[in-house]
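Welcome! The short tour below visits a few places one by one.

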Amino acid sequence: MNSVQFESCFKSILKSDFFSDIPTRSINELLNNSALENWPKKTCFISNDNIQNKFHVLISGQIKAYNYDFKNDRRFTLFLLKENDLFDVFSLYKKIEHNIHYEALKDSLILSIPVYKMKQWVLKNPSINTGLMAYTLNRILVLENFINDVVLENTFTRLTKLFLKYLDKSTKKFTMINDLSHDELAQLIGTTRAVLNRHIQVFKDEGIIEVGRNSTQLKDYNKLLSMANSF
């Protein structure tokens, strides 16, 4: 990577809580062992060596981590990754085959580090293990909550919770999901597009959201809260 890219990545990483306690010299070392990858929108990695043998930091853009059932052609989104999110953390502990794939939802810039070099860097900077553990536990908690919702809640309730999860309370606008297609939204709550469309229509009829082409905007914050509190 050139000096401009290096400086940009350095500034981005400094904003991450994950690297906040790491000395500057160690971040420089990490970047010197890294490469930048451009993932254009719709770039998809399915069980690829690029994922299993490299550790990644998302510098800019948006990526979804998902499961894919080849037999039934069904996708289920596990996480939406944003700036300074990490993947695949499993690769640092043990090479495990697991059914997780990645797709760029927007043009994305990725910091890519060979796993063996990342492991060496972690040994030199053991304080990073606290952040790794916290990050991993957070992901487990997110999955645990989602499993509870899938088992205990109907799809309409799950969509309401999704809207609340990605709502910026200061601006009263959705973040990360505002420009996703209905297919992508359906995958986030574990349902089909047809079911999601019926739920979306209810929100539209109630004047809670406004939907355009790949665009979902909040119109009435108080109505959304009222609907959520009615469950």
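## A lysine in a loop

Let us begin with lysine 42, which counts as exposed because its relative accessibility is 63%, over the 50% that the word requires. Please keep in mind that this is a predicted model. Lysine 42 sits in the loop that runs between β1 (35-39) and β2 (44-46). Its backbone deserves a look too: phi of lysine 42 is near 80°, a positive value in a residue other than glycine. Most residues other than glycine have a negative phi.

## Another positive phi, and a cis bond

Asparagine 84 also has a positive phi, near 75°. You will find asparagine 84 in the loop between β5 (74-81) and β6. Is asparagine 84 buried or exposed? Asparagine 84 is buried, since its relative accessible area is 11%, and buried means under 20%.

Next come phenylalanine 87 and aspartate 88, which are joined by a cis peptide bond with omega of about -10°. Most peptide bonds are trans. Aspartate 88 belongs to the loop between β6 (86-87) and β7 (101-104).

## Leucine 58 and its contacts

Strand β3 (residues 54-60) contains leucine 58. With 0% relative accessibility, leucine 58 counts as buried. Which residues does leucine 58 contact, leaving aside neighbours within four places in sequence? They are Ile63, Leu81, Lys82, Glu83, Asn84, Asp85, Ser108, Leu109 and Ile110. Asparagine 84, whose phi is positive, is therefore one of the residues in contact with leucine 58, and both asparagine 84 and leucine 58 are buried.

## Two nonpolar cores

The largest nonpolar core has 39 residues. Phe19, Trp39, Ile63, Leu86, Tyr102 and Leu111 are the ones with the most contacts inside it. Ile63 is also among the contacts of leucine 58.

Apart from neighbours within four places in sequence, leucine 111 is in contact with Met1, Cys9, Ile13, Leu31, Ser34, Ala35, Leu36, Phe55, His56, Val57 and Ile59.

Helix α9 (residues 221-229) has Tyr221, Leu224, Met227 and Ala228 as its buried residues. Why do these residues lie on the same side of α9? They do so because they cover an arc of only 125° around the axis. On the other side of α9, Asn222 and Asn229 are exposed.

The cover over the buried residues of α9 includes α6 (155-165), β9 (167-168), β10 (173-174), α8 (193-205) and β12 (215-218).

## Glycine 190

Glycine 190 is found in the loop between α7 (182-188) and α8. Its relative accessible area is 34%, so glycine 190 is partly exposed. Not counting residues up to four places away in sequence, glycine 190 touches Phe76, Phe146 and Arg158. The C-alpha atom of tyrosine 166 is separated from that of glycine 190 by 17 Å, with the two residues 24 residues apart along the chain.

## A nonpolar patch on the surface

Our last stop is on the surface, where Ile147, Val150, Val151 and Leu152 form a nonpolar patch. Together they have about 410 Å² of accessible area. Valine 150 lies in helix α5 (residues 128-152) and is partly exposed, with a relative accessible area of 39%.

Conventions
Residues are numbered from 1 along each chain as its sequence is written. This is a predicted model: local features need pLDDT of at least 70, side-chain atom pairs count only at pLDDT 80 or more; totals for chains, interfaces and linings use all residues. Side-chain values use heavy atoms; hydrogens and water are left out. Patches are made of residues with over 30% relative accessible area and no salt bridge: like charges are joined within 9 Å, nonpolar side chains (Val, Leu, Ile, Met, Phe, Trp, Tyr) within 5 Å. Accessible areas come from the Shrake-Rupley method with a 1.4 Å probe; for residues, only the protein chains shown count as cover. A salt bridge is a side-chain nitrogen of Lys or Arg within 4 Å of a carboxyl oxygen of Asp or Glu. Helices (H or I, at least four residues) and strands (E, at least two) are DSSP runs, numbered from the N terminus. Buried means under 20% relative accessible area, exposed over 50%, partly exposed in between (1.4 Å probe, protein chains only). A nonpolar core is a set of buried Ala, Val, Leu, Ile, Met, Phe, Trp, Tyr and Cys residues joined through side-chain atoms within 4.5 Å. Contact means heavy atoms within 4.5 Å. The arc is that of the directions from the helix axis to the C-beta atoms.
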